[in-house]
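Open your viewer and get ready to select. This tour goes stop by stop.

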Amino acid sequence: TIPSEIGLLSNLQSLQLFYNNLLSGTFPSEIGQITSLENIYLYSNELLSGSVPSEIGQLASLTKLTIQSIKMEGTFPYELVYLNNLSELSISYCLISGTVPTQIGLLPNLTYLNLYMPQINGTLPTEIGLLSNLQSLQLFYNNLLSGTFPSEIGQITSLENIYLYSNELLSGSVPSEIGQLASLTKLTIQSIKMEGTFPYELVYLNNLSELSISYCLISGTVPTQIGLLPNLTYLNLYMPQINGTLPT
């Protein structure tokens, strides 16, 4: 197990635990005592279990948190919303459930958000639009996450990358507000029950270099103005509902 005495490392700034597959037990709550911590990486420690300790919310200096390929369970760690310096949050391949708290929008410095959580449910909170510094949004295999992709996404003008992959209960249409994301370079929408017509507003995204829309219910025609995207280097359309002709 990870000894609780790790909490006595009062000057520790970075904690990285990778592929310690025989390390068992829980992640000690004493971690909350190390207020100097800036980075935590927990990756592929397959026998670690229990929940994310609530004391993690005391780590005011924390900027990066990665929890991946660990049998942690319990609900989404609400206490993360108190970490005002957090810039990168990645939670994936875990058993964590519950909903994404609306207060996640109050993280002023978050630039990277990756959620790969098959047990997460509820809807994607509209407050995500308050993440004014977010550059990358990645939502993979959150198959219990339902509702629509919030139109408030258009408020995050800092966004450069959006990856929506195999969130099978997300529905509705691609919000027209996506056309306001002038910094967007990469957009992937795959294996999602989004419908409606081809998002015409994409033609306004002059910085877009990669566009992939596949395994969706989006219909209509490909707008002729798609040829006006000056920086597009990759185009993938796998859309059985699309009709019309391929514009010249």
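Is Tyr204 buried, partly exposed or exposed? Tyr204 is partly exposed, because its relative accessible area is 48% (buried means under 20%, exposed over 50%, partly exposed in between, with a 1.4 Å probe and protein chains only).

Before moving on, note the ground rules. This is a predicted model, where local features need pLDDT of at least 70 and side-chain atom pairs count only at pLDDT 80 or more, while totals for chains, interfaces and linings use all residues. Residues are numbered from 1 along each chain as its sequence is written, and side-chain values use heavy atoms, with hydrogens and water left out.

**Stop 1: aromatic rings**

Rings of Phe, Tyr and Trp (its six-membered ring) pair if their centres lie within 6.5 Å; planes under 30 degrees apart count as stacked, over 60 as edge-to-face and the rest as tilted. Tyr200 is partly exposed, at 34% relative accessibility.

Now select Tyr78 and Tyr82. Here the centres are 5.9 Å apart and the planes stand at 80°, so this pair is edge-to-face. Tyr78 is partly exposed, with a relative accessible area of 33%.

How many aromatic pairs does the rule give? The count is twelve. For a cluster, select Tyr93, Tyr116, Phe140, Tyr141, Tyr163 and Tyr165, which ring pairs link together.

**Stop 2: the sheet**

Switch to a cartoon view. Ten strands form an open sheet with parallel pairing, in the order β1-β3-β5-β6-β8-β10-β12-β14-β15-β16. Strands (E, at least two residues) are DSSP runs, numbered from the N terminus. Two strands pair if DSSP finds at least two bridges between them.

Select residues 14-18 and 234-238. These are β1 and β16, the edge strands; each has a single partner, so one side of each is left without a neighbour in the sheet. On average, neighbouring strands of this sheet are turned by 5° against each other, direction ignored.

Go to β6 and β8 (residues 112-116). The two run parallel, joined by five bridges. Select Ser90, and opposite you will find Asn114 in β8.

**Stop 3: a salt bridge**

Select Glu88 and Lys64. They form a salt bridge, with the closest N and O atoms 4.0 Å apart (a side-chain nitrogen of Lys or Arg within 4 Å of a carboxyl oxygen of Asp or Glu). The pair links distant parts of the chain, 24 residues apart: Glu88 is in β6 (88-92) and Lys64 in β5 (64-68). Glu88 is partly exposed at 31%, and Lys64 is partly exposed at 27%. The rule gives a count of one salt bridge.

Key
Helices (H or I, at least four residues) and strands (E, at least two) are DSSP runs, numbered from the N terminus. Axes are lines fitted to C-alpha atoms, for helices over the stretch in contact, and angles run from 0 to 180 degrees between N-to-C directions.
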